Amino acid sequence: MNKARNHVAIMMDGNGRWATEKGKPRSAGHYAGMLAVRRTVEAAIQLGISNLTLYAFSSENWKRPKQEVDYIMQLPSIFYKTEIKALNKAGVRVEFFGNLQVLPKKTLDVVERTMQETIHNEKLILRIALNYGSKDEIIYGLKEMMQSNRQGIQDYEELQQFFWTKGMPDVDVLIRTSGEQRLSNFLLMQAANARLVFIKAYWPDFEGAMLSAAIEAH
């Protein structure tokens with residue numbers, strides 16, 4: 001297998017700007033972004049990618065307008081209703097990670113339901129970062145390690161067992177859409193050796209061909 005096909009992570013950027021440029025509410029951009037997730041999952045399976053990680057909502061995104069945040073918190077439920085059958089049929093296991101316990105109860109309930117109902121799928125692991133920040137994850141992991149009274153941590157692999165991303169393989173290719181060229185506190189440790197690919201297209205316009213080009217680029 002081409003190593004780049006093992007783990008691809010994507011910073012799904014540009015939903016709001018996509019909507020604004022089209023004269024639509026920002027919620028329309030987020031919905032269109034969800035449709036791009038569907039296309040990307042289908043393309044990832046076709047390309048033989050085994051791990052796909054998407055940055056959906058950062059811990060800093062709570063600062064956005066309340067109406068926009070409230071809509072984003074509804075997206076996991078919309079995603080479940082429209083996609084769960086297709087995900088199971090395609091063999092996609094969905095895992096959410098981040099500081100999930102502070103999410104609204106309805107959001108957390110559907111997040112847990114989605115993970116439970118896809119837990120046995122093995123074709124592709126789709127990880128969705130929700131209320132995630134890499135610095136927050138590091139602090140959380142170190143606190144967990146100290147509380148465990150674990151002694152003699154020898155390497156990163158042992159330390160990772162205390163993080164939200166426990167069991168996640170290192171990122172091979174990290175893609176960001178919208179033309180921005182920043183990491184924005186996303187998987188700073190896990191993507192330490194990743195190849196970075198920046199794409200000008202906004203996330204709602206992301207297509208399978210762009211994913212293929214990104215993992216094949218040298």
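The model is a predicted one, in which local features need pLDDT of at least 70 and side-chain atom pairs count only at pLDDT 80 or more, while totals for chains, interfaces and linings use all residues. Residues are numbered from 1 along each chain as its sequence is written, and side-chain values use heavy atoms, with hydrogens and water left out.

Helices (H or I, at least four residues) and strands (E, at least two) are DSSP runs numbered from the N terminus. The 13 residues of α4 should span 18 Å at 1.5 Å a residue, and the end C-alpha atoms of α4 are 18 Å apart, which agrees; the expected span is 1.5 Å times one less than the number of residues. Buried means under 20% relative accessible area, exposed over 50% and partly exposed in between, with a 1.4 Å probe and protein chains only. In α4 the buried residues are T107, L108, V110, V111 and T114. Seen down the axis of α4, these buried residues fall within an arc of 170 degrees, so they line one face of the helix; the arc is that of the directions from the helix axis to the C-beta atoms. K105, K106 and Q116 are exposed on the face of α4 turned away from its buried side.

Contact means heavy atoms within 4.5 Å, and the buried residues of α4 pack against α3 (66–90), β3 (92–97) and β4. T118 is found in the loop between α4 (105–117) and β4 (124–132). Leaving aside residues up to four places away in sequence, T118 touches I84, N88, V92, R93 and V94.

**Aromatic pairs**

Rings of Phe, Tyr and Trp (its six-membered ring) pair if their centres lie within 6.5 Å, and planes under 30 degrees apart count as stacked, over 60 as edge-to-face and the rest as tilted.

| Pair | Centres apart | Angle of planes |
|---|---|---|
| F57 and W62 | 5.0 Å | 80 degrees |
| Y132 and W164 | 6.1 Å | 65 degrees |

Y132 lies in strand β4 and W164 in the loop between α6 (156–160) and β5 (173–176), so this pair ties together parts that are 32 residues apart in sequence. Y132 and W164 are both buried, whereas W62, at 34% relative accessibility, counts as partly exposed. Ring pairs also link Y55, F97, Y132, Y140, W164 and F186 into a cluster.

**Nonpolar cores**

A nonpolar core is a set of buried Ala, Val, Leu, Ile, Met, Phe, Trp, Tyr and Cys residues joined through side-chain atoms within 4.5 Å. The largest has 42 residues, of which V8, I10, L52, L126, I175 and L211 touch the most other members. A second, separate core of 14 residues includes A9, A129, W164 and V171.
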